[in-house]
Amino acid sequence: MKKYKEKKKYSKVAAKENKQLLILMIPATILLLIFNYAPFIGVYMAFVDYNPNLGIFDSPFVGLENFKFFFTSKDAIRVIRNTLGYSLAFLMVDLIFAVGLALLLYHLNSKRGIKIYNTIVLLPRFLSWVLVAFIVYIILSPSHGLANNMIEALGGTGLKWYSKAEYWPFILIIVHIWQSVGMNSLFYYSSLLSLDESLIEAAKLDGANKWQQIRYVIIPHLIPVMVVIAILAIGKSFSGDFGLFYQVPKDVGMLYETTDIINTYVFRALQNGSFEKSTAIGMFQSLMGLILVVITNTIVRRISPENSLY
Amino acid sequence: MAGLKKKKNRGQIILHVIFIIISCMYVIPFWLVIAVSLTDESAIAKYGYSLIPKEFSLKAYQLVFGDMTQLLQSYKVTIIFTVIATILSIVIMAVSAYPLARPGFRYRKFFTMFILITMLFNAGMVPNYMLIVRYLHLNDTIWVYIFPGLVSAYYLLIIRTNYANLPAELIEAAKIDGATELYICFKVMIPLSTPVLASTGFLFLVSKWNDWNTTLLYIKNPDLYSLQYLLQKILREAQYLQQMAGQGMVLADEVFPTESYRYAMAVVAAGPVLVIFPFFQKYFSKGMTIGGVKG
């Protein structure tokens, strides 16, 4: 009887606590419901022939017509190819360059050096894409740009950077690395700071050279971080960085072949007022993203459960 | 032993050389922007952009500071929404991350999923646009910069993990003293988490300061242009740029310094963030670990 009473008392305290904790959740919950969950209702728009006078829910239902419109257009292949292609390329270069930079920082002994170099590579992360576009333009401007100046000084003829689509995969990948490698390497670098140095000492005693230390001690330590970053990146691989693809190529039509991704395409469709078609594409995009995250996470959970996202 | 030390030193020198080369790839573009903003327009037309101004001129800055009406207005708008949004966002996220870090919270799993879903799945550009324009009527108001995106799932989970890593005894001790959850959150957890709150807060602040697409989608009124959107207009529309500088400033027989004016504007607009950023940098390597998302 006494025990029962105590238990009851405990659960009463817990209920009070739970209530207080629930109250703390209210502001974030309301904001997410309005700005993240409510728009899901609007996804219905993807299935109607939208008429602004009738509103979303009274416009005539057309089934999958809007999806068909997108998938039968020649733009579909182009924008899907570009979106996925760049995401995959970014995922790989991010891994190589960010881990590489983190390793370089980790091996640097000078504290001041680490701080200075780190600050410098982080700088572009704090610029807007508009300013990055300014910087790219100052280098690639066909008439005054630094790149063409140098080519001409060496006796060549300047290239028309902003009218040839074939240059842009390289330009965009380089700009992406330049802008993001500092921040990305920070994730790996801060993980390396938690690496037990006695492991490296032990490897050294076993006669491991620098390369072997990296291969067998340091990289395995970084794998959990790599996996989480990769899962998040794969989940976003159908969206792509709107700022990079909209600002840096300056929305030049001649470059769409290699610079147009789903997000820039949807944005232009929105500007032209084809709401229902853009909604359909956006829905396809989100669904694919979700499927990819679930698949990747399931695979990761099978192989090494401790590295999965959920 | 001496040989080993020498070898080590050589390794360090090579590392420094690599880092200096990398740094150049970052410093030169910034240098170039400043150099061009200080170059006379006729020299740009003749020689192109160069790292050392062939003919030094402050004309572009005279024009930028000559008619600052639009620039100052955009600065004001950007500062207002950046400050309000950052404060609101950090307070809300610091508070709602706390229950998620309490193992005893009955709905912890539910709310964690509720938040995680928003990170993985979104309705897309158009439903968001419709909501904001047709239903909430936030377009052409300053609120459109502030409310959407106030709660970031990613930062919230980072803050949550930070709380969860603090010793549980702190909470127990406070509870024995009869503290309410709200009190523990504000007086125990938040003060102990300033590094992570500072770094997430700063990242949020930067993303707000750099916001151009909200203006692109929702703002027509020039009085509400954000700073970055103004820059975009200057980069892309030569006429807008001349109109902004005020016709009275340039004499009829003078060439308008389109190029240097653009870059002078870029310097004036980007400067502040790049100056305050190093003060926050120390929090980054400590506060930001990707493992923070998991848990």
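This is a predicted model: local features need pLDDT of at least 70, side-chain atom pairs count only at pLDDT 80 or more; totals for chains, interfaces and linings use all residues.
Residues are numbered from 1 along each chain as its sequence is written, and chains are lettered from A in the order in which they are written. Local features need pLDDT of at least 70 and side-chain atom pairs count only at pLDDT 80 or more, while totals for chains, interfaces and linings use all residues.

Chain A has two domains, with bounds from an automatic or database domain assignment. Their centres, taken over C-alpha atoms, lie 43 Å apart.

| Domain of chain A | Residues |
|---|---|
| domain 1 | 2-37 |
| domain 2 | 73-272 |

A nonpolar core joins buried Ala, Val, Leu, Ile, Met, Phe, Trp, Tyr and Cys residues through C-beta atoms within 7 Å. Buried means 20 or more other C-beta atoms within 10 Å of the residue's own, with C-beta atoms placed from the backbone. The largest core holds 124 residues. A:Phe134, B:Ile159, B:Leu231 and B:Ala266 have the most contacts inside it. Helix α4 of chain B (residues 69-100) gives the most to this core, 11 residues. Another core, of 23 residues, lies apart; A:Tyr117 and A:Leu222 are among them.

Contact means C-beta atoms, placed from the backbone, within 7 Å. Beyond four places in sequence, B:Ile159 touches residues including B:Met93, B:Ala97 and B:Val196.

Helices are DSSP runs (H or I, at least four residues), numbered from the N terminus. Helix α14 of chain A (residues 275-303) packs against helix α6 of chain B (residues 125-135) at about 130°, with axes 7 Å apart. Axes are lines fitted to C-alpha atoms over the stretch in contact, and angles run from 0 to 180 degrees between N-to-C directions. A:Phe275, A:Ser278, A:Thr279 and A:Gly282 meet B:Met125, B:Val126 and B:Pro127.

Key
A residue is buried if 20 or more other C-beta atoms lie within 10 Å of its own, exposed if 12 or fewer, and partly exposed in between; C-beta atoms are placed from the backbone. Helices (H or I, at least four residues) and strands (E, at least two) are DSSP runs, numbered from the N terminus. Two residues are in contact if their C-beta atoms, placed from the backbone, lie within 7 Å.
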